[in-house]
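Good morning, colleagues. Please look at the sequence and the structure now being shown, and I shall then comment on selected parts.

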Amino acid sequence: MAVLEAEGLRKRFGGVEAVRGVSFAVEAGEMLALIGPNGAGKSTCFNMLNGQLRPDAGRVRLRGQDITGLAPRKVWRLGVGRTFQVTATFGSMTVLENVQMALLSHQGRLGRLWRPVSAMDRAPAEALLARLGIAAQAERPCGILAYGDLKRVELAIALANDPALLLMDEPTAGMAPQERVALMALTARIARERRIAVLFTEHDMDVVFAHADRILVLDRGAPIAEGAPAAVRADARVREVYLGS
Ligand code: ADP
Ligand code: MG
């Protein structure tokens with residue numbers, strides 16, 4: 001069974017048909033890239049998947065369970081993680097404390113804190129930081145991190161929720177090209193290790209073609225191609241509409 005199934009999603013904003021009948025599935029351990037020009041409807045799709053927007057039509061299923069229209073908090077609790085373009089960390093807390101908070105929150109223990117986060121068991125958070133290559137940043141406040149490291153903290157926070165599905169809307173925006181490649185390569189390795197289904201958008205086509213297992217191309221709200229990177233890259237309509245050649 002697919003981790004995520006989206007079926008016939010539609011969303012209209014006033015006169016704009018932002019998403020016009022989009023269907024896809026993502027399997028465990030698979031990286032699916034959603035690409036298309038600006039305004040194609042990618043973010044609107046993401047927002048319908050995690051409950052931020054209610055679709056006008058269509059269904060969203062997580063491991064077979066219908067989650068269409070559930071509130072974002074509920075969707076998150078069912079195992080849908082999301083990284084945001086705007087950073088979602090607490091700047092004055094250290095990297096380790098941010099990840100400890102996320103782990104506690106996942107365990108449902110955040111509301112019952114009776115001692116500082118700093119007194120909790122560090123090992124699980126440290127292991128996650130090590131996996132993401134930011135162990136050396138553990139004691140630094142998030143507010144002073146380099147941008148690329150902050151992105152990794154955000155990924156650590158998303159992973160602390162032990163997601164079945166990870167939604168990443170332009171995760172590498174604002175990063176240098178080498179950092180982009182490194183972050184997506186790491187994401188792909190972790191997705192395979194932990195059998196996480198990943199749906200991501202990305203402007204850098206080198207990153208998309210290197211790390212997506214499959215690609216779905218949207219144009220003005222509608223799918224125009226779907227398949228393995230080599231097939232999508234060779235698709236005449238994709239080249240015309242999206243790659244501009
Ligand atoms: P993408 O992420 O692919 O760039 P979006 O999903 O953000 O595209 O936008 C798709 C279309 O929907 C665009 O025409 C955009 O202007 C419009 N749109 C997105 N969100 C809203 C909104 N909240 N209100 C009105 N129009 C919106
Ligand atoms: Mg967008």
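This is a predicted model: local features need pLDDT of at least 70, side-chain atom pairs count only at pLDDT 80 or more; totals for chains, interfaces and linings use all residues.

In which loop does Gln 107 lie? Gln 107 is found in the loop between helix H3, residues 95-106, and helix H4, residues 123-131.

Is Gln 107 buried or exposed? Gln 107 counts as exposed because 12 other C-beta atoms lie within 10 Å, and a residue with 12 or fewer is classed as exposed. Along the chain, Gln 107 and Ala 160 are 53 residues apart, while their C-alpha atoms are separated by 9.5 Å.

I turn next to the interior. In soluble globular proteins, nonpolar side chains tend to be buried together. Here the largest nonpolar core has 65 residues, and those that touch the most other members are Val 99, Leu 129, Ala 156, Leu 165 and Val 198. Helix H5, residues 147-160, supplies the largest share of this core, eight residues. As for Val 198, leaving aside residues up to four places away in sequence, its contacts are Met 31, Leu 32, Leu 166, Met 168, Thr 187 and Ala 191.

Finally, the ligand. Around ligand 1 we find, among others, Phe 13, Val 16, Ala 18, Asn 38, Lys 42, Ser 43 and Thr 44. Strand E2, residues 16-26, and helix H1, residues 42-49, are the elements that each give two or more residues to this shell. Which of the elements gives the most? That is H1, with three residues. By type, the shell around ligand 1 comprises four nonpolar, six polar and one charged residue.

Terms used. Residues are numbered from 1 along each chain as its sequence is written. Chains are lettered from A and ligands numbered from 1 in the order in which they are written. A nonpolar core is a set of buried Ala, Val, Leu, Ile, Met, Phe, Trp, Tyr and Cys residues joined through C-beta atoms within 7 Å. A residue is buried if 20 or more other C-beta atoms lie within 10 Å of its own, exposed if 12 or fewer, and partly exposed in between; C-beta atoms are placed from the backbone. Helices (H or I, at least four residues) and strands (E, at least two) are DSSP runs, numbered from the N terminus. Two residues are in contact if their C-beta atoms, placed from the backbone, lie within 7 Å. A residue is near a molecule or strand if its C-beta atom, placed from the backbone, lies within 6 Å of it. Ala, Val, Leu, Ile, Met, Phe, Trp, Tyr, Cys and Pro count as nonpolar, Asp, Glu, Lys and Arg as charged, and the others, Gly among them, as polar.
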